[in-house]
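Me: I'd like to learn how to read a structure like this one. Can we take it feature by feature?

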Amino acid sequence: MFKKQPETMNDQRRHLLTGAAAMAGLSMVQLPFMQVAQAAGAGTIAAPALAPIRQIQAGELDTGYFEAGPSDGKPVILLHGWPYDIHSYAEVAPMLAALGYRVIVPHLRGHGTTRFLSASTFRNAQQSVVALDIIALMDALQIEKAILAGYDWGARTANIIAALWPQRCKAMVSVNGYLINNLERNQLPLAPTVEHGWWYQFYFATERGQAGYEKYRREFAKLIWKVNSPSWQFDDATFERSAASFDNPDYVSIVIHNYRWRLSVAKGDPKYDALEQRLAAGPVIGVPTITIDGDADGVAPASDGTAYASKLSGKRTHRVLKGVGHNLPQEAPHEFARAVVEVDSY
């Protein structure tokens with residue numbers, strides 16, 4: 001006689017949510033966040049710090065990362081941007097973990113507790129090597145395929161993995177759309193209003209800029225937070241929780257190299273030239289994708305997503321969130337987490 005296998009946590013979650021959604025007349029995407037928000041009191045108090053931080057050797061790095069949720073859950077990797085850290089996901093991560101996902105939030109190279117294994121390693125931050133860090137992390141954690149979600153540096157990293165290693169990416173949530181860099185295109189002048197928003201890139205191209213960032217990294221980051229997200233009312237404790245990650249000994253070197261490389265005033269590592277050539281060609285991303293813009297983003301104005309639509313050949317949804325700035329997952333955690341669950345169903 002056939003013996004019924006015990007339900008996994010994911011089976012239980014699916015059955016519970018399907019039945020409850022049917023009773024309430026809600027979609028599978030709507031219901032979980034109502035329940036999680038009510039249970040956690042989301043939005044009423046500041047989310048706690050993501051802890052404990054785990055460490056694992058992955059590629060060139062001893063990578064620091066936060067993990068939550070069941071070990072057999074669907075993997076979701078949440079990737080932060082600059083000048084922020086893993087706490088952009090302080091609310092998103094526990095929401096997704098509560099829904100049965102295995103959530104991984106790594107400190108990118110040069111941030112938080114992530115350290116280079118060798119003092120002699122080139123402190124390189126070109127786009128391909130940051131993506132390779134995440135591939136190495138997935139290998140170290142024995143994660144074959146994951147949902148990748150991010151903004152700023154994190155969105156670019158998710159784009160690159162989805163484009164070059166689609167077998168490692170189940171689906172993607174990308175703030176501000178398709179962000180893969182082409183160095184030749186980056187040398188072309190843009191409208192003054194756009195160039196004004198990227199003033200810090202030109203500042204970083206100078207020795208004065210590097211010295212200034214070394215001395216004033218916290219003041220600099222707080223200014224960027226305010227300019228990038230003029231509608232976001234964050235308190236000092238929220239800022240300081242992330243600013244601790246900027247004390248990493250390689251932080252300034254990594255940030256400066258990233259922006260100098262983009263402007264072609266610093267070279268990358270020749271061993272990644274082949275990857276960069278593939279990225280410069282603008283590879284098409286075929287995985288299911290949700291792209292999101294905030295209409296109060298001070299550095300990347302919201303769009304309708306059509307400008308890069310040809311670069312996303314899989315099922316795609318684009319949306320614009322009102323009153324939300326550049327640090328979208330921290331400013332609109334419910335909407336960001338909902339997008340992860342929704343793209344998982346595509």
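Me: Start with tryptophan 199. Is tryptophan 199 buried or exposed, or in between?
Reply: Buried means under 20% relative accessible area, exposed over 50%, and partly exposed in between (1.4 Å probe, protein chains only). Tryptophan 199 has a relative accessible area of 33%, so the residue is partly exposed. This is a predicted model: local features need pLDDT of at least 70, side-chain atom pairs count only at pLDDT 80 or more, and totals for chains, interfaces and linings use all residues. Residues are numbered from 1 along each chain as its sequence is written, and side-chain values use heavy atoms, leaving out hydrogens and water.

Me: Where does arginine 102 sit?
Reply: Strands are DSSP runs of E, at least two residues, numbered from the N terminus. Arginine 102 belongs to strand β4 (residues 102-106). Its relative accessibility is 12%, so arginine 102 counts as buried.

Me: What does the side chain of arginine 102 make a polar contact with?
Reply: A polar contact is a pair of N or O atoms within 3.5 Å; within protein, one must be able to donate a hydrogen and the other to accept it, and residues adjacent in sequence count only if both atoms are side-chain atoms. Here the partner is the side chain of glutamate 67, at 2.7 Å.

Me: Which residues of β4 are buried on each side?
Reply: Arg102, Ile104 and Pro106 are buried on one side, Val103 and Val105 on the other.

Me: How does β4 pair with strand β2?
Reply: Two strands pair if DSSP finds at least two bridges between them. Strand β2 (residues 61-68) runs antiparallel to β4, over 4 bridges. Phenylalanine 66 has valine 105 as its bridge partner.
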